[in-house]
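This report describes selected local features of one protein chain. The sequence and the structure are shown below.

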Amino acid sequence: MTSNAPEPTAVPADTSAPKTAIDAVVIGAGFSGIYMVHKLRELGLTVQAFEAGDGVGGTWFWNRYPGARCDVISIEYAYTFSPDLIEEWDWTERYPSQPEILRYLNFVADRLEVRPCFQFQTRVVSASFDDAAGQWLVTVDSGEVTRSKYLVTAVGCLSTSMTPDFPGLHGYAGEVYHTADWPSGGVDFSGKRVGVIGTGSSGVQVIPLVAEQAEHLTVFQRTPAFSLACGNRALSDQELRDFKDGIEEHKARSKASPTGQYTDTLAESALDHTPQERQAIYEDRWNRHRAIDLIACYPDLFANREANETIAEFFRSKIREVISDPDLAERLSPRTYPLGAKRITLDTNYYQTYNRDDVDLVSLREQPLETFTENGIQAGGVNHELDAVVLATGFDAITGPLLSMDIRGIGGRRLTDKWSDGPTTYLGIAVDEFPNMFMLTGPGSPNVLTNVVCAIEQHVEWTGDFIAELERRGASRVEPLAHESRNWTDDAAELAEATLYPEGDSWYTGANVPGKPRVIMSYVGGLDAYRRICDEVAADGYRGFAIA
Ligand code: NAP
């Protein structure tokens, strides 16, 4: 461990030149990267962090499309480790908009003074482990190479956008935008005929705002979403005060919950109640405008398809309340997967938008997208002329951001090869054959099935404590035992099989990316159980890791 010297140290591209190794490289300046850098500096380690964007924010830096808003309520979508950060920041809305989250992360970065550790507008292209030196060589897009003892990936789960290989897309002469890589200056759709492809969380948020501006909007929908009206509103001073005063109770409750979001799950099965009783319960929870209150209402909603159908039908009835045309309501109603197997979306005026005369829905299951033409999209034999197309087609999630870098472990072993059949990890944090590498919210951890800020805090703190212990012991090298990784991965897969996740073709399973191995990439056992397991591993001398 070197002394507390937070100044970044980068070394030139000539890898034969002597290098001053630093303690840790952190990749990414989102929620996890900011906190990890802070944590490592608290330990007195030298840190160099890299971020592709020209500022902090991670996925919230790039996803700046109109309507972008988080699906976790603001006061809960924030760090809890620092009483000062909690006290000094006031959210304005119940569901935070992308600009407000970005302001928050900038505030945190300034308050923790982590910015000098980051080199922005710098993308890590590869990282390879130098076995002899026991160090990582991290190469960025300028060719610069940095040597470090530890490599911490804080690359997020939803940061590699996915553009399907649509026939004819390159020959299309109109404007093309992806929600996950939106122009920083915004886009003016006034007077334009616009198409949106995709009706996941990004699509349902962007569609109403594009419709308000465009001359005409055509939505190309492959699979309808289960969407909950988010009922967004301003937060009062009193609500903020009450939350801050009750922060310790909030922390305890969220730590004890499987998703990091407390909800009052009933004891009975959904099937133990009469349809009338269920209706009253679902209605009450619908009005709370919080997805977790609905999907975790009964304990078996996500384990039993028949129970799930009761709430799926409740959501469909809400669509019929808004859409008067029965045929249109049916086309917008999800029928092919259980509620929750694709992420529930939160919207503002999503279904109402389809009642506008200047908005059309093309159902791609009935009218398949054949090709982009020079001036639009041809689907089901019909050419839709479009001046602009918005791709709300999502992400190569969880493993995508890791595999987009060329990461090589012992003997040049590529992570892409190791994970060719799906990711194998120990605790979702470490990979055998890749020593001294820690992944925050990696595959095999609870990551996206939680309020991810809670998962990030747990990961950063556990990893920070582990690194502190390694330094205390004077350890030079750490990696999980291969059989522990296998067991963790197999056990996690078995848990996932008992849920309804496998029944949805979603980014949770990799099914949205052609050719990607179909694996549930998150630990479904709950953040509370996961936290206990990680704590036991630590208490047992970091059981399952080989420490040299
Ligand atoms: P997504 O949920 O994966 O949705 C992508 C959409 O594009 C789906 O409707 C998908 O249809 C469609 N699509 C993909 N490939 C297609 C193709 N070849 N042809 C036609 N349609 C195609 O992605 P997302 O909406 O960007 O959201 C991803 C995740 O990001 C969310 O689940 C959420 O966790 C996070 N997010 C959160 C918020 C928020 O907090 N409110 C906002 C945005 C994103 P299929 O369903 O048929 O595949």
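## A buried threonine in a strand

In this predicted model, Thr 153 has a relative accessibility of 0% and therefore counts as buried, the cut-off being under 20%. Thr 153 belongs to strand E6, which covers residues 145-153.

When residues up to four places away in sequence are not counted, Thr 153 touches Ile 27, Leu 402, Met 405, Phe 438, Met 439 and Leu 440.

Thr 499 is located in the loop that runs between helix H16 (482-497) and helix H17 (527-539). Its relative accessibility is 17%, so Thr 499 is classed as buried.

Two polar contacts involve the side chain of Thr 499. In one, this side chain reaches the backbone oxygen of Ala 496 at 2.6 Å. In the other, a polar atom of the Thr 499 side chain lies 3.2 Å from the backbone nitrogen of Tyr 501. With neighbours within four places in sequence left aside, Thr 499 is in contact with Phe 302 and Val 524.

## Positive phi at two loop residues

Leu 427 is not a glycine, yet its phi is positive, at about 60°. This leucine sits in the loop between helix H14 (415-418) and strand E18 (437-439). Because its relative accessibility is 1%, Leu 427 counts as buried.

Thr 441 is likewise not a glycine and has a positive phi, of about 50°. Thr 441 is found in the loop between E18 and helix H15 (452-473). With a relative accessible area of 3%, Thr 441 is buried.

## The packing of H8 and H10

Two packed helices are described by the angle between their axes and the distance between the axes. For helix H8 (residues 275-286) and helix H10 (residues 305-322), the axes come within 11 Å and cross at roughly 60°. H8 and H10 are therefore oblique to each other, and their crossing is right-handed.

How values were computed
Residues are numbered from 1 along each chain as its sequence is written. This is a predicted model: local features need pLDDT of at least 70, side-chain atom pairs count only at pLDDT 80 or more; totals for chains, interfaces and linings use all residues. Side-chain values use heavy atoms; hydrogens and water are left out. Axes are lines fitted to C-alpha atoms, for helices over the stretch in contact, and angles run from 0 to 180 degrees between N-to-C directions. Helices (H or I, at least four residues) and strands (E, at least two) are DSSP runs, numbered from the N terminus. Angles under 35 degrees count as roughly parallel, over 145 as roughly antiparallel, 65 to 115 as roughly perpendicular and the rest as oblique. A crossing is left-handed if the near helix is turned anticlockwise from the far one by less than a right angle, and right-handed if clockwise. Buried means under 20% relative accessible area, exposed over 50%, partly exposed in between (1.4 Å probe, protein chains only). Contact means heavy atoms within 4.5 Å. A polar contact is a pair of N or O atoms within 3.5 Å; within protein, one must be able to donate a hydrogen and the other to accept it, and residues adjacent in sequence count only if both atoms are side-chain atoms.
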